[in-house]
Amino acid sequence: GEGGDIPHRANILVTEVFDTELIGEGAIATFNHAHKHLLEKDSLVVPTSGTIFAQVVESDVMQKWNRLAPWGTVKPSREIDRCPGAAAVHDLQLSQLRSTDFKEIIPPQPIFNFDFTGRSPIPEDDSSTVTVAAATSGSAEVVFMWWSLDMDPQGSVVLSCAPWWAHPARPPGPDSLPWRDHWMQAAYYLPAPVTVRQGQQLSLVSSHDEFSLWFNLTTPADTKRDSTRPLCDCMLHVTCSRTRVGMLNDTTRHDKYHRVLRRLVTPETVVLSWGDTSMLGLVAATLGAKKVYHVEENVMSREVMDGLVKDNDLKSKVTILDSTNLNEKIRSSVSLVVGEPYFLNTLYPWDVLRWWFLRQQCATASCMPVAATLHCLPMQFDHLHKIRAPLGTISGFKMKAFDKLVQSSSSMSDSDVEVQPLWEYPGVCLSAGQQLMTFDLSASLPEADLETQGSIAITVEGLCHGVALWLDVHLDPETVVSTGPQSPPHPGQRVSWDPYCRQGVYFFLSQLPVTPHSRLDYKATFSPTTSEITFNFGLQK
């Protein structure tokens with residue numbers, strides 16, 4: 001109207017206000033407001049409608065990101081065992097799961113349809129129940145979710161975010177799908193696993209508010225259909241990221257910790273454990289340590305650890321405290337300092353070097369880990385580089401001005417290195433891995449910056465999009481816990497990355513062709529003042 005942003009109501013609305021959950025960026029309120037205040041009746045809306053799909057599965061792999069398993073003789077607390085978990089979305093590239101990583105219990109079902117045309121307001125709170133026979137016997141544990149958009153009223157143009165095995169185009173594999181990083185798929189964890197038999201009638205109860213979704217599953221034996229949103233009451237799911245829960249459940253990791261601690265701990269050992277939600281101190285206590293002090297700075301994670309200590313009958317041996325209570329008497333009694341290391345506020349893999357600084361408070365004590373090494377690997381990604389690459393020309397439109405604006409802003413505000421869960425983003429390496437720096441965690445901190453530089457020979461032809469970076473932690477001279485590749489990378493082949501850590505990625509702005517005659521020059525500098533590492537990489541043809 002007069003004096004408003006537009007003089008009269010419009011009759012066409014084209015909008016993109018969607019995220020992984022479809023409604024998480026306020027799509028419901030946006031469409032309702034537009035039809036009430038900005039659009040004529042019977043306007044053309046693009047997209048016309050959206051449909052959310054759900055698939056119920058059994059998956060030990062997915063449950064590792066949700067349910068805490070025992071660490072040897074250290075069992076989860078009662079609060080953790082009975083906790084329904086958090087309703088928060090776990091967004092990930094489902095197409096990167098292997099077919100053996102899950103078993104279908106309920107095939108994909110449409111659970112919500114959102115009409116964006118304005119024929120009626122979209123409800124902010126709603127639920128639906130779909131009753132269907134179980135496809136197989138097993139344990140219903142996880143709900144996979146994705147959505148599709150009908151771009152026109154006839155539904156002749158459909159944009160689907162389905163994983164490859166459920167995509168309407170029936171692609172032969174994940175590499176045949178359009179790549180998206182903003183619109184992915186998601187997983188939601190049922191409040192408790194439900195044991196089902198093939199052919200049994202199951203009711204999937206799906207609910208949403210204005211911004212988010214949650215799910216429950218009932219059987220005919222249930223007296224009511226529960227649509228309550230799961231709320232974490234054990235503090236583990238509130239305190240820890242999905243990645244951290246997965247790390248705690250990684251048996252390869254904690255087998256190595258167990259093996260080394262078993263050699264180090266004696267009945268006379270007094271242990272100081274630095275690190276958030278770390279089980280190492282509790283493991284040391286079960287191995288016979290005389291006394292364990294575990295430093296836990298976060299109030300909520302301290303509650304998690306208190307419950308673990310209590311329910312594992314370790315109160316006589318383990319004391320949970322924050323660093324303000326770590327007095328000289330305690331420090332002087334410590335004979336072994338341990339850490340994974342892990343801290344809730346770390347971002348880059350090498351941020352855990354903070355442990356090196358903290359370990360200095362008991363400088364004469366033995367320690368685990370004893371060293372850390374920083375590594376890099378030049379990469380050709382299938383798609384990940386597109387999050388930083390200029391657009392160039394899209395559908396005939398020259399995007400030069402847009403690219404200039406975005407890249408100018410990025411150069412001022414973005415770090416040279418991003419963190420990414422590289423297991424979700426396939427790519428091949430262009431050389432063998434290179435060790436950049438070594439940190440002796442048993443020694444004192446250096447007084448001056450540590451600097452290294454050199455060159456890496458590229459051994460295969462391709463396009464170098466960036467450099468992957470990670471930290472290996474050496475528990476002792478023979479035992480290494482890596483945050484990088486799960487097996488030695490081979491040039492020209494896909495890299496299998498640790499799914500329970502995020503790696504650093506240094507991106508090049510343009511796609512740089514390389515040959516076996518090319519080299520990657522590097523320089524890395526560690527500051528003992530800030531504990532930060534700066535990187536510079538350059539390709540030479």
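Reader: What share of the contacts in the protein chain with a separation of 6 or more comes from residues 24 or more positions apart?
Author: A contact means heavy atoms within 4.5 Å. Among contacts in the protein chain with a separation of 6 or more, residues 24 or more positions apart account for 78%.

Reader: What kind of model is this, and where does the numbering start?
Author: This is a predicted model, where local features need pLDDT of at least 70, side-chain atom pairs count only at pLDDT 80 or more, and totals for chains, interfaces and linings use all residues. Side-chain values use heavy atoms, without hydrogens and water, and residues along each chain are numbered from 1.

Reader: Which radius of gyration does the protein chain have?
Author: The radius is taken over C-alpha atoms, and the globule rule is 2.2 Å times the number of residues to the power 0.38. For 541 residues, a compact globule would come near 24 Å. The protein chain agrees with that, at 26 Å.

Reader: What percentage of the residues count as buried?
Author: Buried means under 20% relative accessible area, exposed over 50%, and partly exposed in between (1.4 Å probe, protein chains only). Of the 541 residues of the protein chain, the buried share is 53%.

Reader: Aspartate 276 is buried yet has no salt bridge; which side chain of opposite charge is nearest?
Author: A salt bridge needs a side-chain nitrogen of Lys or Arg within 4 Å of a carboxyl oxygen of Asp or Glu. Lys and Arg count as positive, Asp and Glu as negative; His and the chain ends are not counted. Aspartate 276 sits in the loop between strand 12 (270-274) and helix 7 (280-286); helices (H or I, at least four residues) and strands (E, at least two) are DSSP runs, numbered from the N terminus. At 5.1 Å, the nearest side chain of opposite charge is arginine 354.

Reader: How far apart in sequence are the parts that arginine 263 and aspartate 476 tie together?
Author: These two form a salt bridge, with the closest N and O atoms 2.2 Å apart. Arginine 263 lies in helix 6 (residues 251-264) and aspartate 476 in strand 24 (residues 462-476), so the pair ties together parts separated in sequence by 213 residues.

Reader: Is aspartate 476 buried or exposed?
Author: Its relative accessibility is 10%. Aspartate 476 therefore counts as buried.

Reader: Which residues do salt bridges that share partners join into one network?
Author: Arginine 494 and aspartate 175 meet in a salt bridge (3.7 Å, N to O). This pair links distant parts of the chain, 319 residues apart. Shared partners give one network of Asp175, Asp382 and Arg494.
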